[in-house]
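Please keep the sequence and the model in view while reading.

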Amino acid sequence: MMMMMVVMMMMMRVGSGATSGALALVLVRRCLLLGPLGLRSAGAQDGNGCGHTLLTPHSGTLSSKNYPGTYPNHTMCCWRLQAPAGTSLLLAFGDVDLEPSEHCAHSSLLLTDTQTGTAYGPYCRNSIPSAPLLVTNSSTVTVLFNTTSHRSGRGILLSYATSQHPDLVSCLVRGTHYTQEHISVYCPAGCKDIHGDIWGNPSQGYRDTSVLCKAAVHAGVIADELGGQVTLSREKGITLYESAFANGLRSKRGSLSEKRLVFHKACDNVLEVVAFNASSWWHEVDVLGQDRAWVAERAALSTTGHSWAAEPGAKAAWLELDLGTRRNVTGIITKGSSEQHNYYVTSYHVSSSRDRKNWRPYRGSSGQEDKVFEGNADSQGEVSNAFIPPIVARYIRVTPQSWHQSVALKVALVGCQLARVRAPRPNVPSVSKEVLEPTSRPDSCTPISGIALDPEKAGSTLLAMLLIGGFVLLCSCLLLLAFLCYKKRKSAAELNCGITKGYPKLESSQVCSLQSLPAPSLSSFPMAPTPGDLSQTHLPEYAEPDLVQESTMSTRSRCHQSLSTPCRLVSRSPLGCTAAPAASQGLPGAPWCSTRHLPCGPESCQLGWSRLAAPVLRGPVRGLGAVPSHTCTMKPYEKGNTAA
């Protein structure tokens, strides 16, 4: 019923095209009468005009019969496309070349959306789609192709994908259709068998005139039965592109081009094989009686000379490769005997194992049957095949299915290491049931709980730790050196501008720097007075400092520019303390002298050092006015008094 409604709507859109409406009605009836198409998620097809078709749940490709040759007369094909629930369909028109006629009555392409009641078309050469990409709002689309008598026309080529891949392209898109350096597109499934040439190989790159999606299959970036996202770059072209056979496709040898296509493929390194093993090997004795051993170790692709060969007449021959540890294997490269013998394997199976006991055959993306890989066509060339999805195993076994003359093989595996991400395990105590004997091979590193150390990265980790430790040590040394310099400068400043503890605390304006200190001269010091002469007073250059209460909080030495209270001047003299008047000796706070060498009292004077290294005692005498000058020696007093 819904299909009939679609046809009626299409007739209204065509207007006077009653003929086309009747034609559409006939097409729909014929499509419905062809038989059950099924409601599988991938879709279905039926009719005698269907060409190459590959339908998958997420993408696919369909074409008319004989494409790109002339399509046959009086044929019809119906495809029903079904996308997963919650998605809609995108359709890319690769080619629509149908003989023109009024309202496309002779040959036509019609698309109907049964869910929304929308019809697209009919299309032919004089009524082509307005855009290369058709966006629908439905997960189910029916494609109708019908032909009558005609003389020319290639037919149709159509691809589809779900709405999750808006960058869908047709199988006919070439590298020359792009101008940007980096390209990212979605290639549909089924482009491998579509007509189109490719030049180059995976190692060199491909000529930019190559069909893009077909070249991606040849390079092993995507599997033809799945399709997928492709990223590549347009780089400078090379002089010559070599031919190669890979993944069931033969590329051509090409000449110089302005640009070349280089596909980005991760995990594509040749893996190291630890050991080879085989079901049997051939011990050859030639006509001259010379022995030649075709042992399993000769199966390495890098080996010069003859290869491994199974014993003639042996059944179910196989070759086993041990990678030493589990690896991510993404491809295989095979070669023949590469000797005067023309021996090579034309097809083979691949199986894998993690313990060498349980073997799992590789079935590819379908998962239904064991995949048969295409082998070599001669004994000299190399053939590559990709594993999509990749194999994760330690042991890989190659089982030949067909060969030329004798089973002979050289093999290399392509892949990378496994990306290990281990979560910390809880520390559960367990009781060991057996005692492990120490091995002669020491561990390369100390295991740390919860951390998986890669032995190949241990050297770089140790180097980084040494660099960080050296940087921290250098910074510590620089900080220590700066601290010592600061302490040294501070001690020098206190030495050059220091005053003994106990001097009255002055304002900051009265504190002088080392540069402001006047350098006292020994010639300006007054001479010692005559004994008994009390009339002599202090020299006028010594002003009387103000009496200021001593502060116990200020213990740092300061130097002062001026003093307002009369001070006693004490100059260094080898004669010691001169005979001072008796009256001045009895004054409170005044230093007293005798015939012995006595020091001056530390309570009354403070010590400052000039740049001439001459000691000068300055300070107020408590309770006194002007006090005559006297001299004292710097020798320590025998009774324990502190020397000035």
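This is a predicted model: local features need pLDDT of at least 70, side-chain atom pairs count only at pLDDT 80 or more; totals for chains, interfaces and linings use all residues.

Q: Which peptide bonds are cis, and where do their prolines lie?
A: Most residues other than glycine have a negative phi, and most peptide bonds are trans. In this model, a cis bond joins tyrosine 67 to proline 68, with omega at about 5 degrees. Proline 68 sits in the loop between strand E3 (59-64) and strand E4 (76-82). Helices (H or I, at least four residues) and strands (E, at least two) are DSSP runs, numbered from the N terminus. Another cis bond runs from isoleucine 388 to proline 389, where omega is near 5 degrees. Proline 389 belongs to strand E27 (residues 383-404).

Q: Where do histidine 74 and alanine 316 lie, and what is the phi of each?
A: Histidine 74 has a positive phi near 50 degrees without being a glycine, and its place is the loop between E3 and E4. Alanine 316, likewise not a glycine, has a positive phi of about 55 degrees. Alanine 316 is in the loop between strand E22 (308-309) and strand E23 (319-335).

Q: Are these two residues buried or exposed?
A: Buried means under 20% relative accessible area, exposed over 50%, and partly exposed in between (1.4 Å probe, protein chains only). Histidine 74 counts as exposed because its relative accessibility is 53%. Alanine 316 is exposed as well, with a relative accessible area of 64%.

Q: How is a nonpolar core read, and how many residues has the largest one?
A: A nonpolar core is a set of buried Ala, Val, Leu, Ile, Met, Phe, Trp, Tyr and Cys residues joined through side-chain atoms within 4.5 Å. The largest here has 29 residues, and Trp308 and Leu319 have the most contacts inside it. At least two residues of this core come from each of strand E19 (275-278), E23, strand E24 (344-353), E27 and strand E28 (408-416). Another core lies apart from it and has 26 residues, including Leu89, Cys104, Leu109 and Leu134.

Q: How many salt bridges are found in the whole structure?
A: Side chains of opposite charge can pair when their charged atoms come close. A salt bridge is counted when a side-chain nitrogen of Lys or Arg is within 4 Å of a carboxyl oxygen of Asp or Glu. The search finds ten salt bridges.

Q: Which residue does aspartate 97 pair with, and why does the pair tie together separate parts of the sequence?
A: Aspartate 97 forms a salt bridge with arginine 154, and their closest N and O atoms are 3.5 Å apart. Aspartate 97 lies in strand E5 (residues 89-97) and arginine 154 in the loop between strand E9 (140-147) and strand E10 (155-162), so the pair ties together parts 57 residues apart in sequence. Aspartate 97 is buried at 11% relative accessibility, whereas arginine 154 is partly exposed at 36%. A network of salt bridges links Asp95, Asp97, Arg125 and Arg154.

Q: What does the salt bridge between aspartate 322 and arginine 394 tie together?
A: The side chains of aspartate 322 and arginine 394 meet at 2.8 Å, N to O. Aspartate 322 is in strand E23 and arginine 394 in strand E27, so this pair ties together parts that are 72 residues apart in sequence. Aspartate 322 is buried, with a relative accessible area of 12%, while arginine 394 is partly exposed at 26%.

Q: Where does UniProt place the "transmembrane region", and what is the chain like there?
A: UniProt positions are given in the numbering used here, feature names are shortened, and annotations may be inferred rather than shown by experiment. The unreviewed UniProt entry places this feature at residues 462-486. Over residues 462-486 the chain is 100% helix and 0% strand, with 36 Å between the end C-alpha atoms.

Notes
Residues are numbered from 1 along each chain as its sequence is written. Side-chain values use heavy atoms; hydrogens and water are left out.
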